Amino acid sequence: MNLTAQDALVIVDVQNDFCPGGSLAVVTGDEVARTMTRAAAAFSQQGARVYATQDWHPAGHSSFQESGGPWPPHCVQGSHGAELHPELDLPDGHEIIKKGSDPAVDAYSGFLDSDLEAQLKTSGVTRVFVGGLATDYCVLNTVLDARQLGFETYLLSDAIGAVDVEPGDGDRAIEQMLDAGATAITIGDAVA
Ligand code: VGL
Ligand code: ZN
């Protein structure tokens, strides 16, 4: 696609708690981490920017079941589960975007309660390529916000994985992202 510094790879929440062994595991999480490591190297090599978001909740967050929310405790600030997956290797110059720190707000989107939009716009980024975990929550909401904010938005279809609380949630999320104007693309095609 001829990537440039106006392109950004946005790696959503590839953290231990969303991978096998974690409290809110996506079955293909380890694969997504390895795939994203390759994608990040290729994007960076071509001059594109690399961002990784991290779900980053205080203990007792409103999204946790103990507080009346839908989820088991996950990605508690400073915990092992909140760390990026050990097989996610990021190139020099990458940026980490933490979100979900507000105890009252479930920030699924990487743009919510973070300075991702400001960083992208300050850097002159016009196209974003989004993948990671989970397709049906944080990837979905990050892609929808990217479209709303006017970015040309690509969904990396071979680097996502769904929680699938209900069977088909991941597929429905993909439909929603395409309906909102995102384009599905493989990493191979993006970096070709
Ligand atoms: C996520 C559920 C709760 C995600 C984050 O990263 O998709 N899902 N918090
Ligand atoms: Zn969360």
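Does cysteine 75 count as buried or exposed, and at what relative accessibility? At 0% relative accessibility, cysteine 75 counts as buried, where buried means under 20% relative accessible area, exposed over 50%, and partly exposed in between (1.4 Å probe, protein chains only).

## Basis of the model

This is a predicted model, in which local features need pLDDT of at least 70, side-chain atom pairs count only at pLDDT 80 or more, and totals for chains, interfaces and linings use all residues. Residues are numbered from 1 along each chain as its sequence is written, chains are lettered from A and ligands numbered from 1 in the order in which they are written, and side-chain values use heavy atoms, leaving out hydrogens and water.

## Cysteines

With a disulfide taken as a pair of cysteine sulfur atoms within 2.5 Å, the count is zero. For cysteine 75, the nearest cysteine sulfur belongs to cysteine 138, 8.5 Å away. Cysteine 138 is buried as well, at 5%.

## Salt bridges

The whole structure holds six salt bridges, each a side-chain nitrogen of Lys or Arg within 4 Å of a carboxyl oxygen of Asp or Glu. One of them joins aspartate 7 and arginine 127, with the closest N and O atoms 2.6 Å apart. Aspartate 7 is in strand β1 and arginine 127 in strand β4, 120 residues apart; strands (E, at least two residues) and helices (H or I, at least four) are DSSP runs numbered from the N terminus. Aspartate 7 is buried at 1%, and arginine 127 is buried at 15%.

Lysine 99 and aspartate 13 form another, at 2.7 Å between the closest N and O atoms. Lysine 99 lies in strand β3 and aspartate 13 in the loop between β1 and α1, so the pair ties together parts 86 residues apart in sequence.
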